[in-house]
Amino acid sequence: MAGLVLLIVLAIAVAVTPLVAIPLAVAGQAASTAVTEYSPPDLPVAKGEWGYPLAGSYSTGRGFGYHPVKGCAYCPSDHLGYDMDQPCGVTVYAAGPGEVINAGSMPGWGNTVRIDHGGGVVTLYGHMAWDSLRVDVGEHVVAGTPLGAEGSTGKSTGCHLHYEVQFDGVAIDPEPFMAARGLPLR
Ligand SMILES: [Zn+2]
(Lines give C-alpha, C1' and ligand atoms only; values in the text may rest on other atoms or scores of the structure.)
Protein backbone atom coordinates (compact mmCIF):
# COMPACT_ATOMS: atom_id res chain seq x y z
CA MET A 1 0.00 0.00 0.00
CA ALA A 2 2.77 2.41 0.94
CA GLY A 3 4.58 1.54 -2.30
CA LEU A 4 1.50 2.33 -4.33
CA VAL A 5 1.03 5.72 -2.65
CA LEU A 6 4.67 6.56 -3.32
CA LEU A 7 4.27 5.64 -6.98
CA ILE A 8 1.21 7.80 -7.29
CA VAL A 9 2.97 10.71 -5.61
CA LEU A 10 5.96 10.32 -7.92
CA ALA A 11 3.72 10.12 -10.95
CA ILE A 12 1.91 13.29 -9.95
CA ALA A 13 5.22 15.01 -9.25
CA VAL A 14 6.58 14.09 -12.68
CA ALA A 15 3.38 15.14 -14.39
CA VAL A 16 3.12 18.46 -12.54
CA THR A 17 6.77 19.51 -12.52
CA PRO A 18 6.97 20.83 -16.11
CA LEU A 19 3.76 22.79 -15.64
CA VAL A 20 5.08 24.42 -12.52
CA ALA A 21 8.64 24.91 -13.70
CA ILE A 22 7.84 26.62 -16.99
CA PRO A 23 5.66 29.42 -15.60
CA LEU A 24 8.24 30.02 -12.88
CA ALA A 25 11.04 30.25 -15.42
CA VAL A 26 9.04 32.66 -17.55
CA ALA A 27 8.17 34.75 -14.55
CA GLY A 28 11.82 34.86 -13.48
CA GLN A 29 12.94 35.96 -16.92
CA ALA A 30 10.28 38.64 -17.09
CA ALA A 31 11.34 39.98 -13.71
CA SER A 32 15.01 40.16 -14.68
CA THR A 33 14.42 41.80 -18.06
CA ALA A 34 11.90 44.32 -16.73
CA VAL A 35 14.73 46.48 -15.33
CA THR A 36 16.38 47.77 -18.46
CA GLU A 37 17.17 51.38 -17.58
CA TYR A 38 20.19 52.29 -15.48
CA SER A 39 19.11 53.87 -12.25
CA PRO A 40 21.80 55.52 -10.13
CA PRO A 41 21.92 54.62 -6.47
CA ASP A 42 19.82 56.85 -4.24
CA LEU A 43 22.52 57.38 -1.65
CA PRO A 44 26.29 57.40 -1.75
CA VAL A 45 28.32 54.65 -0.13
CA ALA A 46 28.87 55.28 3.56
CA LYS A 47 31.29 53.65 5.99
CA GLY A 48 30.39 54.29 9.57
CA GLU A 49 29.50 57.93 10.02
CA TRP A 50 31.12 59.10 6.76
CA GLY A 51 30.23 58.69 3.12
CA TYR A 52 31.05 59.97 -0.35
CA PRO A 53 29.63 63.36 -1.33
CA LEU A 54 28.39 61.92 -4.64
CA ALA A 55 26.44 58.71 -5.22
CA GLY A 56 27.77 56.20 -7.73
CA SER A 57 30.81 56.54 -9.93
CA TYR A 58 32.30 59.90 -10.83
CA SER A 59 35.12 61.42 -12.81
CA THR A 60 37.98 63.14 -11.05
CA GLY A 61 39.37 66.53 -11.89
CA ARG A 62 42.13 68.27 -10.08
CA GLY A 63 43.37 66.81 -6.85
CA PHE A 64 44.75 68.61 -3.82
CA GLY A 65 47.62 70.93 -4.66
CA TYR A 66 47.57 69.83 -8.27
CA HIS A 67 47.42 72.66 -10.80
CA PRO A 68 48.18 71.57 -14.35
CA VAL A 69 46.82 74.72 -16.01
CA LYS A 70 49.74 77.16 -16.15
CA GLY A 71 48.82 80.81 -16.18
CA CYS A 72 45.19 80.02 -15.57
CA ALA A 73 43.43 83.29 -14.79
CA TYR A 74 41.15 81.93 -12.13
CA CYS A 75 42.97 78.89 -10.75
CA PRO A 76 44.55 79.22 -7.33
CA SER A 77 48.26 78.44 -7.40
CA ASP A 78 47.48 75.54 -5.14
CA HIS A 79 44.22 73.71 -5.54
CA LEU A 80 42.84 73.28 -2.04
CA GLY A 81 40.21 70.66 -2.71
CA TYR A 82 39.42 67.55 -4.67
CA ASP A 83 37.34 67.90 -7.83
CA MET A 84 34.91 65.16 -8.70
CA ASP A 85 32.16 65.27 -11.25
CA GLN A 86 29.00 63.67 -12.46
CA PRO A 87 26.50 65.27 -14.85
CA CYS A 88 25.23 68.76 -14.00
CA GLY A 89 22.41 68.76 -11.51
CA VAL A 90 23.12 65.52 -9.64
CA THR A 91 22.65 65.61 -5.89
CA VAL A 92 25.59 66.52 -3.66
CA TYR A 93 25.50 64.87 -0.23
CA ALA A 94 26.97 65.67 3.14
CA ALA A 95 30.07 63.53 3.72
CA GLY A 96 29.67 63.32 7.47
CA PRO A 97 27.62 64.39 10.47
CA GLY A 98 27.74 68.00 11.56
CA GLU A 99 26.20 71.44 11.47
CA VAL A 100 25.79 73.58 8.37
CA ILE A 101 27.79 76.79 8.87
CA ASN A 102 27.47 78.21 5.35
CA ALA A 103 24.77 77.79 2.72
CA GLY A 104 25.07 80.34 -0.05
CA SER A 105 27.45 82.28 -2.23
CA MET A 106 31.14 82.45 -1.33
CA PRO A 107 33.81 84.23 -3.41
CA GLY A 108 35.39 81.84 -5.90
CA TRP A 109 33.45 78.83 -4.71
CA GLY A 110 30.07 80.04 -5.91
CA ASN A 111 27.07 78.48 -4.24
CA THR A 112 28.67 76.70 -1.33
CA VAL A 113 27.83 74.62 1.71
CA ARG A 114 30.23 74.24 4.60
CA ILE A 115 29.69 71.74 7.41
CA ASP A 116 31.36 71.86 10.82
CA HIS A 117 31.96 68.29 12.00
CA GLY A 118 33.50 69.23 15.33
CA GLY A 119 37.10 68.61 16.36
CA GLY A 120 38.26 71.35 14.01
CA VAL A 121 37.08 69.49 10.88
CA VAL A 122 35.04 71.36 8.26
CA THR A 123 34.01 70.08 4.83
CA LEU A 124 33.17 72.39 1.93
CA TYR A 125 31.09 71.71 -1.17
CA GLY A 126 31.66 74.33 -3.87
CA HIS A 127 30.26 75.37 -7.26
CA MET A 128 26.75 74.08 -6.57
CA ALA A 129 23.92 75.26 -8.82
CA TRP A 130 22.13 78.45 -7.82
CA ASP A 131 18.81 77.94 -6.03
CA SER A 132 19.59 74.26 -5.50
CA LEU A 133 20.56 74.26 -1.82
CA ARG A 134 18.42 72.09 0.39
CA VAL A 135 19.94 72.95 3.78
CA ASP A 136 20.15 76.09 5.89
CA VAL A 137 22.77 77.46 8.28
CA GLY A 138 22.35 75.84 11.68
CA GLU A 139 20.86 72.65 10.30
CA HIS A 140 22.27 69.34 11.50
CA VAL A 141 23.10 66.83 8.80
CA VAL A 142 24.46 63.31 8.55
CA ALA A 143 26.37 61.51 5.80
CA GLY A 144 23.97 61.22 2.89
CA THR A 145 21.91 64.30 3.67
CA PRO A 146 21.20 65.99 0.32
CA LEU A 147 22.84 69.42 0.23
CA GLY A 148 22.03 70.67 -3.26
CA ALA A 149 22.84 70.07 -6.91
CA GLU A 150 26.19 69.90 -8.68
CA GLY A 151 26.75 73.02 -10.75
CA SER A 152 29.38 75.37 -12.10
CA THR A 153 28.97 78.53 -10.03
CA GLY A 154 31.89 80.67 -8.91
CA LYS A 155 35.29 80.28 -10.55
CA SER A 156 34.46 77.12 -12.44
CA THR A 157 34.44 76.26 -16.13
CA GLY A 158 32.20 73.22 -16.00
CA CYS A 159 29.95 71.27 -13.69
CA HIS A 160 31.86 69.58 -10.91
CA LEU A 161 31.94 69.33 -7.16
CA HIS A 162 34.84 71.03 -5.40
CA TYR A 163 35.10 68.97 -2.23
CA GLU A 164 37.36 70.47 0.37
CA VAL A 165 38.35 69.37 3.87
CA GLN A 166 39.67 71.89 6.37
CA PHE A 167 41.29 71.24 9.71
CA ASP A 168 41.56 74.16 12.12
CA GLY A 169 40.87 76.50 9.22
CA VAL A 170 43.55 75.10 6.92
CA ALA A 171 42.71 73.03 3.85
CA ILE A 172 44.06 69.48 4.05
CA ASP A 173 44.27 66.79 1.38
CA PRO A 174 40.84 65.12 1.14
CA GLU A 175 42.31 61.86 -0.21
CA PRO A 176 44.05 60.56 2.95
CA PHE A 177 41.28 62.07 5.08
CA MET A 178 38.64 60.04 3.28
CA ALA A 179 40.84 56.94 2.95
CA ALA A 180 41.25 56.92 6.73
CA ARG A 181 37.46 56.61 6.93
CA GLY A 182 37.38 53.65 4.54
CA LEU A 183 36.34 55.85 1.62
CA PRO A 184 39.21 56.07 -0.87
CA LEU A 185 38.80 58.75 -3.53
CA ARG A 186 39.87 57.79 -7.02
ZN1 LIG B 1 38.24 72.42 -7.12
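Is Trp 50 buried or exposed, and how many C-beta neighbours does Trp 50 have inside 10 Å? Trp 50 counts as buried because 23 C-beta neighbours lie inside 10 Å; the term buried requires 20 or more other C-beta atoms within 10 Å of a residue's own, exposed denotes 12 or fewer, and partly exposed covers the range in between, with C-beta atoms placed from the backbone.

The structure is a predicted model, in which local features need pLDDT of at least 70 and side-chain atom pairs count only at pLDDT 80 or more, whereas totals for chains, interfaces and linings use all residues. Residues are numbered from 1 along each chain as its sequence is written. The mean pLDDT (the predictor's confidence in each residue, from 0 to 100) is 82 for the protein, and 72% of the residues reach 70 or more. A contact here is a pair of residues whose C-beta atoms, placed from the backbone, lie within 7 Å.

The secondary structure consists of 2 helices and 12 strands, where helices (H or I, at least four residues) and strands (E, at least two) are DSSP runs numbered from the N terminus. Along the sequence the pattern is α-β-β-β-β-β-β-β-β-β-β-β-β-α. Of the 186 residues in the protein, 30% are buried. Among contacts with a separation of 6 or more, 58% link residues 24 or more positions apart.

Trp 50 is placed in strand β2 (residues 50-51). Its C-alpha atom is separated by 5.5 Å from that of Ala 95, which is 45 residues away along the chain. Not counting residues up to four places away in sequence, Trp 50 touches Ala 95, Gly 96, Ala 143, Arg 181 and Leu 183.

Val 142 lies in the loop between β9 (140-141) and β10. This residue is partly exposed, because 15 other C-beta atoms are within 10 Å. The C-alpha atoms of Val 142 and Gly 98 are separated by 6.5 Å, at 44 residues apart along the chain. With neighbours within four places in sequence left aside, Val 142 is in contact with Ala 94 and Pro 97.

The largest nonpolar core has 29 residues; such a core is a set of buried Ala, Val, Leu, Ile, Met, Phe, Trp, Tyr and Cys residues joined through C-beta atoms within 7 Å. Leu 54, Val 92, Ala 94, Val 113, Tyr 125 and Leu 147 have the most contacts inside this core. Two or more residues each are given to the core by β4 (82-85), β5 (91-93), β6 (98-106), β7 (110-118), β8 (121-128), β10 (146-149) and β11 (161-167). The largest share, 4 residues, comes from β8.

Strands are taken to pair if DSSP finds at least two bridges between them. β6 and β7 run antiparallel and are joined by 7 bridges, with Arg 114 in β7 as the bridge partner of Asn 102. The hairpin of β6 and β7 has 3 residues between the strands, and Gly 108 takes a positive phi near 85°. β7 also pairs with β8 in the antiparallel sense, over 6 bridges; here Val 122 in β8 is the bridge partner of Asp 116. The hairpin of β7 and β8 has 2 residues between the strands, and Gly 119 takes a positive phi near 65°.

Definitions and conventions. Two residues are in contact if their C-beta atoms, placed from the backbone, lie within 7 Å.
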